[in-house]
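Open the model in your viewer and keep the sequence panel beside it. We will go from stop to stop, selecting a few residues at a time.

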Amino acid sequence: PLVIERVGVPAVIAGLNSDDLVEGFETWGREYGVFFLSPYNSDSSLTTIADDSLIWHMQGSSTDLAPVYGLLMQRIEAHLSLSEPIRVALVENEETNQLDLADSVSATMAISGSTANAYAGFSRHAISVSDGAKTNAVMAKLLTQVRPHVIISAGGEEVIKVGLVGCGGRG
């Protein structure tokens, strides 16, 4: 871009997802020695880049964040105090860089003493903001079959866009 090339800006601070951060660095950062800092989370794609310490991200990787979900699940289970086994649905947006987070949470988070992947009441569902039919099918399944007590979003604003907030079943 003009500012980096003509003015010689030595640093960029921007809320970039991993793929955009990599693209910016590979397009301009490496050639012009530009430092990139992003407050957004990272994923495993950033670990393979030879960046000479020019790429920094403030929020940790999914493996750093996943243990927090386990601690939160313990508190949620205690708070809900259910008389039946808890049902937990993890919803991921297949169009974002949050799949690493979904994988890490599924592998490490404990639900009722088992890892999520081994727990019978745990299910994983992929939505697509650009594919309304797919998302509607997932919503219908969550509402009529799964009826989760807890929905975990491995994503962000797409949860609001598709209306997942507040759809957890009760019973």
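**Stop 1: strand S4 and its partners**

Start by selecting S4 and S8, which pair in the parallel sense over five bridges. Two strands count as paired here if DSSP finds at least two bridges between them. Helices (H or I, at least four residues) and strands (E, at least two) are DSSP runs, numbered from the N terminus.

This is a predicted model, so local features need pLDDT of at least 70 and side-chain atom pairs count only at pLDDT 80 or more, while totals for chains, interfaces and linings use all residues. Residues are numbered from 1 along each chain as its sequence is written, and side-chain values use heavy atoms, with hydrogens and water left out.

Within this pairing, pick valine 91: its bridge partner in S8 is serine 153.

How many residues of strand S4 are buried? Select residues 88-93 and look: six of the six are buried, so S4 is largely enclosed by the rest of the structure. Buried means under 20% relative accessible area, exposed means over 50%, and partly exposed lies in between (1.4 Å probe, protein chains only). In a regular strand the side chains alternate between the two faces of the sheet. Colour Val88, Leu90 and Glu92 for one side of S4, and Ala89, Val91 and Asn93 for the other; all are buried, and both faces are covered.

**Stop 2: a charged network**

Stay with glutamate 92 and show its side chain. Glutamate 92 forms a salt bridge with arginine 124, with the closest N and O atoms 2.5 Å apart. A salt bridge is a side-chain nitrogen of Lys or Arg within 4 Å of a carboxyl oxygen of Asp or Glu. This pair links distant parts of the chain, with glutamate 92 in strand S4 and arginine 124 in strand S7, 32 residues apart.

Next, select aspartate 103, whose side chain meets that of arginine 124 in a salt bridge (2.6 Å, N to O). Arginine 124 lies in strand S7 and aspartate 103 in helix H4 (residues 99-108), so this pair ties together parts that are 21 residues apart in sequence. Aspartate 103 is partly exposed, at 41% relative accessibility. Keep these three displayed together: salt bridges that share partners join Glu92, Asp103 and Arg124 into one network.

**Stop 3: around glutamate 84**

The count for the model comes to three salt bridges, and one of them is found here. Select arginine 87 and glutamate 84, whose side chains meet in a salt bridge (3.2 Å, N to O). Arginine 87 is buried, with a relative accessible area of 19%, while glutamate 84 is partly exposed at 31%.

Histidine 149 sits in the loop between helix H5 (132-146) and strand S8 (150-154). Histidine 149 is buried, with a relative accessible area of 10%.

**Stop 4: the three-stranded sheet**

Move on to S1, S2 and S3, which form an open sheet in the order S1-S2-S3 with parallel pairing. Strand S1 (11-13) and strand S3 (55-57) stand at the edges, each with a single partner strand, so one side of each is left without a neighbour in the sheet. Strand S2 (residues 35-38) pairs with S3 over three bridges. To find one, select serine 38 and its bridge partner in S3, histidine 57.

**Last stop: the whole chain**

Zoom out to finish. The protein has six helices and eight strands, and buried residues make up 37% of its 171 residues.
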